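Good morning, and thank you for making time for this item. I would ask you to keep the structure in view while I go through its parts in turn.

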Amino acid sequence: MSHPYISTRADGPEHTIWFETRPRYLAGGGDPRHITQALRAAGWKNHSDPEYPHVVLASPDQRHTVALEPETSSYTAWWRIQAHGDHDHWYTTFGGNTPVEILAGLTDALLKPVPKTAPDIWAPLTEAGWTYERDEHGNESARHPDGILSLRRRAVEPGEDFFWTAEATLPTGLGGHQRIWHAYFDDRMPTHLIAAFTLALARDEPVQRRHYDVPHSHLVTQERGPRGEQLAHAHEARLKTARATARKARRSALAVQKPPAPSTTPTVPARSR
C-alpha cells in the first residue's frame, strides 16, 4: 500500500542547500542519524517505541545503550549513553545543541576495541591552544581561547567523587552565563572514551548545516558547502566504516576469548633406567 509523500526533516540531504558552519561547537545539534545510523550499521538493535518520539539503541552484547529523547528545551539533556556491565557501570548525558559530529567521537569509540594504552584526555585540547589548569585539590579544567567552550573535572567538595562537564556558555553581561549546550561525564567512564570526545571537541573542521538550523546564527559563519549528493555519499561511506569497525572489533573479541589450540608436538616418554 502506497502512502502520501510527507516532507520531513528525516528526508535525505539531496534537495537541501548546505552551508559549512564554523565554529562547529556552536553549529547546533545537527542530524542525529549521523550517530544512530552508524550504530545501527554496527549491529546495535533498535528498542524504540514507534508511538513515542525517541530513539533507544542497545549494543549487540547489551552492555551499552544510547537513548535520544528530545525535551521541551534544547539546553537540557537529550542524549543519554550508559554502560550496564557488572563492573563497568557509568553514564553520560548531552544537551540537544551538542553537535552530533562532536558527540560521535564518543559513540564511534564504543564500536572499537579498547586501546591497550590509555590516551591522554587533555593533550588534544592543549595542542589546539586551550589553556589548562589544575588546582591543589586535583580539580582540572581547560578552556578554549574564545572563552566560550570549556572542559572540567572537579569535585563539589575536596575528597568527594570527581565528575566531568563540558559546556559552551556565553556571558550575559550581568556576571552570569547563558548556556548553549552542556555535557556531563561519569568519572567511572573509561579514559579512552572521554579522550575520544575531547579529540572531537578539539577539531576545528566546519560542519554542514542548513542556513537557519543553527541556534545562535550571530555566533557562526556559514559559507556554501558541498552538494547534498556529496553528503549522502559521505554518509554511506561512514556507515560502511562503522560496519567494518564492528566486524573487526568482534573478531578481536573472539580471538581473546578463544582458548589456545592444543599442542601438536608429540610427547616423548621418559626413559626408564
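In helix H2, the buried residues are Val-100, Glu-101, Ile-102, Leu-103, Ala-104, Gly-105, Leu-106, Thr-107 and Ala-109. Helix H2 spans residues 100-109 and is mostly covered, with nine of its 10 residues buried. Please bear in mind throughout that this is a predicted model.

Helix H1 also has buried residues, namely Ile-35, Thr-36, Ala-38, Leu-39 and Ala-41. Just after H1 comes Gly-43, whose phi is positive at about 100°.

Let me turn to the sheets. An open sheet is formed by 10 strands, and their order is E2-E3-E4-E5-E6-E11-E10-E9-E8-E7, with antiparallel pairing. Which strands stand at the edges? They are strand E2 (45-46) and strand E7 (131-134); each has a single partner strand, so one side of each is left without a neighbour in the sheet.

Strand E6, residues 89-95, runs antiparallel to E11, and three bridges join the two. Here Phe-94 stands opposite Ala-183 in E11. E11 also pairs with E10, again in the antiparallel sense, over nine bridges. In that pairing, Ala-168 has Trp-181 of E11 as its bridge partner. E10 and E11 form a hairpin with five residues between them, and Gly-173 in the turn has a positive phi of about 90°.

Further along, strand E8 (residues 140-143) and strand E9 (residues 149-154) are paired in the antiparallel sense over four bridges. Glu-140 stands opposite Arg-153 in E9. Arg-153 has a further contact: its charged end sits over the ring of Phe-162, 4.0 Å from the ring centre.

That brings me to the aromatic residues. How many aromatic pairs does the structure hold? There are seven aromatic pairs. One of them joins Phe-163 and Tyr-184, and this pair is stacked, at 5.9 Å centre to centre with 25° between the planes. The pair links distant parts of the chain, since Phe-163 belongs to strand E10 (residues 163-171) and Tyr-184 to strand E11 (residues 177-186), 21 residues apart. Why is the pair called stacked? The angle of 25° falls under the limit of 30 degrees, and therefore the planes count as stacked.

Are the two partners buried or partly exposed? Phe-163 has a relative accessible area of 14%, so it is buried. Tyr-184, at 21% relative accessibility, counts as partly exposed, because buried means under 20%. Ring pairs also bring in Tyr-91, which forms a cluster with Phe-163 and Tyr-184.

I move now to the other sheet I wish to describe. It is an open sheet of three strands in the order E12-E1-E13, and its pairing is antiparallel. Strand E12 (207-209) and strand E13 (221-224) are its edge strands, each pairing on one side only. On average, neighbouring strands of this sheet are turned by 40° against each other, direction ignored. Strand E1, residues 19-22, is joined to E13 by four bridges, and the two run antiparallel. Phe-19 stands opposite Arg-224 in E13.

Two points of backbone geometry deserve a mention. The peptide bond from Arg-22 to Pro-23 is cis, with omega near -15°. Pro-23 is placed in the loop between E1 and helix H1 (33-41). The other point concerns Gln-62, which has a positive phi of about 65° although it is not a glycine. Gln-62 lies in the loop between strand E3 (55-58) and strand E4 (64-68), and at 47% relative accessibility it counts as partly exposed.

Finally, I come to a pocket. The second largest pocket has a volume of about 700 Å³. Its lining is made up of 26 residues, and Asp-61, Arg-63, Leu-110, Lys-112 and Ala-249 lie nearest its centre. Helix H4 (191-202) and helix H5 (228-257) each supply at least two residues of this lining. Which element gives the largest share of the lining? The largest share comes from H5, with eight residues.

Note on methods. Residues are numbered from 1 along each chain as its sequence is written. This is a predicted model: local features need pLDDT of at least 70, side-chain atom pairs count only at pLDDT 80 or more; totals for chains, interfaces and linings use all residues. Side-chain values use heavy atoms; hydrogens and water are left out. Rings of Phe, Tyr and Trp (its six-membered ring) pair if their centres lie within 6.5 Å; planes under 30 degrees apart count as stacked, over 60 as edge-to-face and the rest as tilted. Buried means under 20% relative accessible area, exposed over 50%, partly exposed in between (1.4 Å probe, protein chains only). A charge sits over a ring if NZ of Lys or CZ of Arg is within 6 Å of the ring centre and within 35 degrees of the ring normal. Two strands pair if DSSP finds at least two bridges between them. Axes are lines fitted to C-alpha atoms, for helices over the stretch in contact, and angles run from 0 to 180 degrees between N-to-C directions. On a 1 Å grid over the protein atoms alone, a cavity is a set of points where a 1.4 Å probe fits but cannot get out, and a pocket is an open set with protein on both sides within 12 Å along at least five of seven lines; lining residues have an atom within 4 Å of a point. Grid points are joined across faces, edges and corners, and a volume is the space filled by probe spheres set on the points.
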